[in-house]
Amino acid sequence: MSARNTSAAASPRTSKPLDIDRTRERLDGLGLGFAADALERTLTESVRDGTTPQAFLDALLSAELEERETRRVGTALRLSSLPPGLSLAEFDFGFQPSVDRSKIDTLATGAWVKQSQTLLIQGPPGVGKTHLAVGLGVKAVQQGFSAQFYRFDELLTALKADAHLPPSRLRRKKYLSTALVIIDEMGFEPMDREEASLFFRLVTYRYSRGSILITTNKSVRDWTELLAGDEVLTAAILDRLLHNAHVMNIKGRSYRLRDLDHALGAQNDKR
Ligand SMILES: Nc1ncnc2c1ncn2[C@@H]1O[C@H](COP(=O)(O)OP(=O)(O)OP(=O)(O)O)[C@@H](O)[C@H]1O
Ligand SMILES: [Mg+2]
């Protein structure tokens, strides 16, 4: 909350000081606390610039809406467990030419989340799979979708803990109820039968109901091995996941090793 003093803005016509405390209280009383905070500044600017009453009112209401939106996004991002600091704006597309920037821009509109589609990001370590997944998750939240980020092992732990819940309670769990579930790092550890069948249940439930974004270092050709060696289950999971899916294969160097690449390059140059 900004400091509220009782200072007054000058009235446009009379230059007589105008007490704004009462107006501020009314805005507060109506639940427009951010507009109340912005009142003095907006009024002063309006007087200075000679704007119309309608423009002043519009600026005041915009201040309320913008601050509400900022708070909403902040809260939603905190609840989503998306790791902080990974935005699309900070992704260096020049470093990873196999990432199609226009494809990312299209996905960043959130239309795929609205249509409950799947996004699979495949590639070797360090190529930016998690970074892009988080960046797209942030965009989805900014567009008003709910999102939840899980590392794959965390998701399995949650699925196992909830395995015996009745469907009515299960449906309220975030991995089923949010518009977008991001599952990061699938493929490091193969699943046992119970885990594979819980994962199947998740994919089946979300199919056509909500989006799934998966990052993995394993090609879908190797998923049978990942899913407890069960070919039938793997086929059923892939059938649902890949229907209406976007698949991105990132081929390139690890961003984590770029400094090492530079250092090795410099050493070779000296030889
Ligand atoms: N093109 C890029 N531009 C800027 N930063 C990048 C880029 N690619 C990766 N990074 C950064 O490099 C680090 C590793 O990237 P990230 O974790 O996304 O890789 P990954 O493909 O998920 O790797 P892993 O398979 O090991 O999980 C992160 O700090 C990420 O922000
Ligand atoms: Mg990763």
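**A serine and its surroundings**

Reply: Ser-177 counts as partly exposed, because 15 C-beta neighbours lie inside 10 Å. (A residue is buried with 20 or more other C-beta atoms within 10 Å of its own, exposed with 12 or fewer, and partly exposed in between; C-beta atoms are placed from the backbone.) The model is predicted: local features need pLDDT of at least 70, side-chain atom pairs count only at pLDDT 80 or more, and totals for chains, interfaces and linings use all residues. Residues are numbered from 1 along each chain as its sequence is written, while chains are lettered from A and ligands numbered from 1 in the order in which they are written.

Ser-177 belongs to helix H9, residues 174-177. (Helices are DSSP runs of H or I with at least four residues, strands are runs of E with at least two, and both are numbered from the N terminus.) Leave aside neighbours within four places in sequence, and Ser-177 is in contact with Arg-171 and Arg-172. (Contact puts two C-beta atoms, placed from the backbone, within 7 Å.) Leu-27 is 150 residues away from Ser-177 in sequence; C-alpha to C-alpha, the two are 35 Å apart.

The largest core has 39 residues, and Tyr-150, Ile-182, Ile-183 and Leu-213 have the most contacts inside it. Helix H6, residues 129-142, gives this core its largest share: seven residues. Beyond four places in sequence, Tyr-150 is in contact with Leu-155, Tyr-175, Val-181, Ile-182, Ile-183 and Asp-184. In soluble globular proteins, nonpolar side chains tend to be buried together.

H6 turns up again at ligand 1. There it provides three residues, the largest share of the shell. The shell counts 19 residues, and Asp-92, Gly-128, Lys-129, Thr-130 and Tyr-255 come nearest. (A residue is near a molecule if its C-beta atom, placed from the backbone, lies within 6 Å of it.) By type, six are nonpolar, eight polar and five charged. (Ala, Val, Leu, Ile, Met, Phe, Trp, Tyr, Cys and Pro count as nonpolar, Asp, Glu, Lys and Arg as charged, and the others, Gly among them, as polar.)

Now the domains. Domain 1 covers 11-80 and domain 2 covers 88-258; the bounds come from an automatic or database domain assignment. Their centres, taken over C-alpha atoms, are 41 Å apart. Contact between them involves four residues of domain 1 and eight of domain 2. The domain 1 side holds three nonpolar residues, one polar and no charged.

Helix H3, residues 53-80, has 28 residues. From first C-alpha to last it reaches 40 Å, close to the expected 40 Å. (The expected span is 1.5 Å times one less than the number of residues.) Just after H3, Ser-81 takes a positive phi of about 60°.

Ser-46 sits in helix H2, residues 33-49. It is partly exposed, because 19 C-beta neighbours lie inside 10 Å. Past the four-place limit in sequence, its contacts are Thr-51, Phe-56 and Ala-59. Ala-89 is 43 residues from Ser-46 along the chain, with 34 Å between the C-alpha atoms.

Back to the later part of the chain. Ala-196, in helix H10, is buried because 20 other C-beta atoms lie within 10 Å. C-alpha to C-alpha, Ala-196 and Leu-227 are 5.4 Å apart, at 31 residues in sequence. Neighbours within four places aside, Ala-196 is in contact with Met-191, Leu-227, Ala-228, Asp-230 and Leu-233.

Ala-228 stands in the loop between helix H11 (223-226) and helix H12 (231-242). Its phi is positive, near 55°. With 17 C-beta neighbours inside 10 Å, Ala-228 counts as partly exposed.

The loop between helix H10 (193-206) and strand S6 (211-216) holds Ser-208. Ser-208 is not a glycine, yet its phi is positive, about 70°. It is exposed, because it has 12 C-beta neighbours inside 10 Å. Most residues other than glycine have a negative phi.

How values were computed. A nonpolar core is a set of buried Ala, Val, Leu, Ile, Met, Phe, Trp, Tyr and Cys residues joined through C-beta atoms within 7 Å.
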